[in-house]
Amino acid sequence: MPDTFSIIIPVYNRESVVARALDSVAAQSFRPLHLIVVDNASTDRSLDVIRGWAEKHAGDTALHITVLSESIPGAAAARQCGLNTVTTSHVLFLDSDDALRPDAVESYAEVFRHNPGTQIVCADILMHPLHGRPFKIPRRRGDRLIVHFHHCTLPTLGYAASTELLRQAGGWNRDIRIWDDWELGIRLLLLDPVTGHTGKIAVDTYESEISVTGINYSDKAPLYEAAISAVENAIANSRRPDKQKLMAMAMYRRIMLAAHFAREGRPDLSGPLLQHVLDATHGRNRALLRMAYLYIRSGLRGAATLVTPLLR
């Protein structure tokens, strides 16, 4: 099948910035493209802006535009709504307040074309913070699955994938409202896909006041724990020979949460979660995870580097 691409953009209350994302799709050097925009029950004029933009670009016969609505809240639900309609061989995702570089899709397509069998192609992301200079998000080296546990090496904006692979992995989990790209990335990497990299920046992501609010983990504790539970379920159902270590990695994620809850003054959340982890682990792993909890709770950084290589 020739390389064809869909770009899925979920939108919730982004009337003032969504045109930037849409314009970046229209500016792509690669054609043909299928743009799928999913309004996630916006309460502002986002849907009107999207429809107006689609009408303005209706004459671009090489850009097929589909506008959908999804009432289930959450970006994962909106992305899955879009994924359900994809008929192209490959797909990538863009957030409504970010922008693709003009050669982004072309650079993905080039890697897929020259490396038959590749299922995921990653690219670099340039972060534009509210304050300070833009910076490229670091590219992490090492075992992709293990590194992803700590650094989410498959962020929503950072890759294009085979549509078949995304569907084989089960697509986006509509029930996950936080860490949804982390959870999907683990399911993708559990399949041990063939991966590549463009070596280029594909997307500019813009920090906003909305994106930096509500940073306390305890504010949305059940949502974080739901993502970890989903990952544990995926590991349990996988055929990986290293399930035990991967489960220990998931427990490390719970320990990290428990430590952050404690730092935020929520012993009612940290205590039960810490006890759950200690009850579920034994021997060396139990001691390492308890050490990680104390380390993170004290405000020190780098516990993952110190502890997780020793988990087994």
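All 9 of the 9 residues in strand S6 (residues 120-128) are buried, so the strand is largely enclosed by the rest of the structure. Keep in mind that this is a predicted model.

S6 has several pairing partners. With strand S9 (residues 195-206) it runs parallel, and 8 bridges join the two. If you want a spot to look at there, Asp124 stands opposite Ile201 in S9. Strand S8 (residues 159-162) pairs with S6 in the antiparallel sense, over 3 bridges, and here Ile120 sits opposite Ala161.

Strand S7 (residues 135-136) is another antiparallel partner, joined to S6 by 2 bridges. Leu126 has Lys136 in S7 as its bridge partner.

S6 and S7 make a hairpin, with 6 residues between them. What is the phi of Gly132 in the turn? It is positive, at about 100 degrees.

## Thr153, a buried loop residue

Now for a loop: Thr153 lies between helix H5 (144-151) and S8. Is Thr153 buried or exposed? Its relative accessibility is 17%, and buried means under 20%, so Thr153 counts as buried.

Helix H10 (residues 267-280) passes a simple length check. Its 14 residues, at 1.5 Å a residue, should span 20 Å, and the end C-alpha atoms are 20 Å apart, which agrees.

Which residues of H10 are buried? They are Ser270, Leu273, Leu274, Val277 and Leu278. These cover an arc of only 135 degrees around the axis, which means they are on the same side of H10. The buried residues of H10 pack against helices H8 (221-236), H9 (243-263) and H11 (283-297).

## The second largest pocket

A probe the size of a water molecule, rolled over the atoms, shows where empty space is left. The second largest pocket holds about 160 Å³ of space.

Its lining is made up of Gln168, Ala169, Asn173, Glu183, Arg187, Leu190, Leu191, Ala230, Asn233, Ala234 and Ser238. Which elements give two or more residues to that lining? They are helix H6 (163-169), helix H7 (180-190) and H8.

Note on methods: Residues numbered from 1 in each chain as written. Predicted model: local features only at pLDDT ≥ 70, side-chain atom pairs only at ≥ 80, totals over all residues. Heavy atoms only, no water. Buried < 20%, exposed > 50% of the residue type's maximum accessible area, 1.4 Å probe, protein only. Helix = DSSP H or I, 4+ residues; strand = E, 2+ residues; numbered from the N terminus. Pairing = 2+ DSSP bridges. Expected span 1.5 Å × (residues − 1). Arc of directions from axis to C-beta. Contact = heavy atoms within 4.5 Å. 1 Å grid on protein atoms, 1.4 Å probe; cavity = no way out; pocket = protein on both sides within 12 Å on 5 of 7 lines; lining within 4 Å. Points joined across faces, edges and corners; volume = space filled by probe spheres on them.
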